[in-house]
Amino acid sequence: MKPNTTSRQPQRANNERRASRKLNKPKRPRGPQKIILFNKPFNVLTQFTGEEGDITLSDFIPVKDVYPAGRLDKDSEGLLVLTNDGILQARLTQPQSKSPKTYWAQVEGEPSDEQLDALRNGVTLKDGPTLPAEVERMVEPPIWDRVPPIRERKNVPTTWLAITLQEGRNRQVRRMTAHINHPTLRLIRYKMAQWTVDDLAPGEWREVTLPSSQ
């Protein structure tokens, strides 16, 4: 008689799923929790290693065993949160946590109210519709000069927008403004969760702690 393997297959699959969940489950740090706020300059990679000639996080941050919570593109600037706490990292980056991120985007031209409403309601990109976003015009913020400066076209105005997202797709803000025909010329992440880039010059970092209730 052949052994009955049918009943074993579901059990094996369940065991594999449990093992996978265990491996992928975010973990608390073994030592003290570390949270680093960094103002990432333009043209810096959000990783500690790179190819020859790359500017990376290791050129600025000497703290060991911390990792970025989410990405910030090489051509974007502003707040980057790094931590050794896997649970906090997941809470800041996973879509289901809906942790807000606010960006300051300098876009080409002057978007109309209808175009901004489209961003607020959600637009459909190649990877699907975006969630509704908070979008407001803003005066040019008192920020640092970018090196190198953006390329502006003569006789074409620019507009600053404050855009708050509950998700974080690859190059999402740039793709959203391009979708309404107002490409982003400069992009700064101003706020992530409760933290902002205030009082941090480009390339500067500081360590912070969470309130005990969190």
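**Stop 1: confidence.** Colour the chain by pLDDT. The average is 87, and 83% of the residues score at least 70. Now select residues 19–23, where the pLDDT is below 50. Apart from near neighbours in sequence, this stretch has 0 contacts in the model. Where pLDDT is low, the predicted coordinates should not be read in detail.

**Stop 2: the largest nonpolar core.** Select Leu82, Leu119, Ile163, Leu165, Val173 and Met176. Within this core of 25 residues, these six touch the most other members. To see where the core comes from, show the elements that give two or more residues to it: strands E1 (35–40), E3 (77–83), E4 (101–108) and E8 (158–165), together with helices H3 (113–121) and H4 (172–179).

**Stop 3: a second core.** Select Leu79, Leu88, Leu92 and Trp195. They are among the 20 residues of a second, separate core.

**Stop 4: Ile163.** Go back to Ile163 and leave aside neighbours within four places in sequence. Which residues is Ile163 in contact with? They are Lys101, Thr102, Tyr103, Ala105, Glu134, Val135, Val173 and Thr177.

**Stop 5: Asp75.** Select Asp75, in the loop between strand E2 (67–68) and E3. Its relative accessible area is 24%, so Asp75 counts as partly exposed, a class that lies between under 20% and over 50%. Beyond four places in sequence, Asp75 is in contact with Phe42, Arg171 and Arg174. Asp75 and Arg186 are 111 residues apart along the chain, and 8.2 Å separates their C-alpha atoms.

Methods:
Residues numbered from 1 in each chain as written. Predicted model: local features only at pLDDT ≥ 70, side-chain atom pairs only at ≥ 80, totals over all residues. Heavy atoms only, no water. pLDDT = per-residue confidence, 0-100. Contact = heavy atoms within 4.5 Å. Core = buried A, V, L, I, M, F, W, Y, C linked by side-chain atoms within 4.5 Å. Buried < 20%, exposed > 50% of the residue type's maximum accessible area, 1.4 Å probe, protein only. Helix = DSSP H or I, 4+ residues; strand = E, 2+ residues; numbered from the N terminus.
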